[in-house]
Amino acid sequence: MPVTERIVIDADPSIKKMLSEISEAYGKTMKDVVCSLIESKYKELQLRKQGEISEYLLNLSLDNLKN
């Protein structure tokens with residue numbers, strides 16, 4: 001059984017209710033909702049990492065300009 005299906009099956013009843021409401025509102029399966037949320041959070045994580053790298057490189061460039 002795929003992980004996303006186990007997540008839905010093993011979810012706390014209140015989480016299942018939320019998933020059910022979201023899936024009904026968007027016309028998607030609960031599995032699709034879980035996958036979409038995971039993808040969204042993963043993209044957010046990648047953007048945060050990218051931001052940290054960009055900030056580090058900017059600070060490095062500024063430090064080089066000062067020296």
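The backbone oxygen of Ser20 lies 2.9 Å from a polar atom of the side chain of Ser23, a polar contact in the sense of a pair of N or O atoms within 3.5 Å, where within protein one must be able to donate a hydrogen and the other to accept it, and where residues adjacent in sequence count only if both atoms are side-chain atoms. Ser23 itself belongs to helix α2 and is buried, with a relative accessible area of 10%; buried here stands for under 20% relative accessible area, exposed for over 50%, and partly exposed for what lies in between, with a 1.4 Å probe and protein chains only.

The model is a predicted one, in which local features need pLDDT of at least 70 and side-chain atom pairs count only at pLDDT 80 or more, whereas totals for chains, interfaces and linings use all residues. Residues are numbered from 1 along each chain as its sequence is written, and side-chain values use heavy atoms, with hydrogens and water left out.

**Overall form**

The protein has 3 helices and 0 strands, in the order α-α-α from the N terminus on; helices (H or I, at least four residues) and strands (E, at least two) are DSSP runs, numbered from the N terminus. The radius of gyration of the protein is 20 Å, while a compact globule of 67 residues would have one near 11 Å; the radius is taken over C-alpha atoms, and the globule rule is 2.2 Å times the number of residues to the power 0.38. Along the principal axes, the C-alpha atoms fill a box of roughly 60 × 25 × 20 Å.

Of the 67 residues, 10% count as buried. The accessible surface comes to about 5800 Å², and 60% of this surface belongs to carbon and sulfur atoms, the areas coming from the Shrake-Rupley method with a 1.4 Å probe and, for residues, with only the protein chains shown counting as cover.

**Charges and salt bridges**

The protein carries 10 positive and 11 negative side chains, and the centres of the two sets lie 2 Å apart. In this count Lys and Arg are positive and Asp and Glu negative, while His and the chain ends are not counted; each charge is placed at NZ of Lys, CZ of Arg, CG of Asp or CD of Glu.

The structure holds 3 salt bridges, each being a side-chain nitrogen of Lys or Arg within 4 Å of a carboxyl oxygen of Asp or Glu.

| Salt bridge | Closest N and O atoms |
|---|---|
| Lys17 and Glu21 | 2.7 Å |
| Lys41 and Glu44 | 3.4 Å |
| Arg48 and Glu44 | 3.3 Å |

Lys17 and Glu21 are 4 residues apart in helix α2 (residues 13-26), and so are separated by about one helical turn. Lys17 is exposed, with a relative accessible area of 53%, whereas Glu21 is partly exposed at 47%.

In helix α3 (residues 30-66), Lys41 and Glu44 lie 3 residues apart, about one turn of the helix. Lys41 is exposed, at a relative accessible area of 53%, while Glu44 counts as partly exposed at 36% relative accessibility. Arg48, which is partly exposed with a relative accessible area of 46%, stands 4 residues from Glu44 in helix α3, a separation of about one helical turn.
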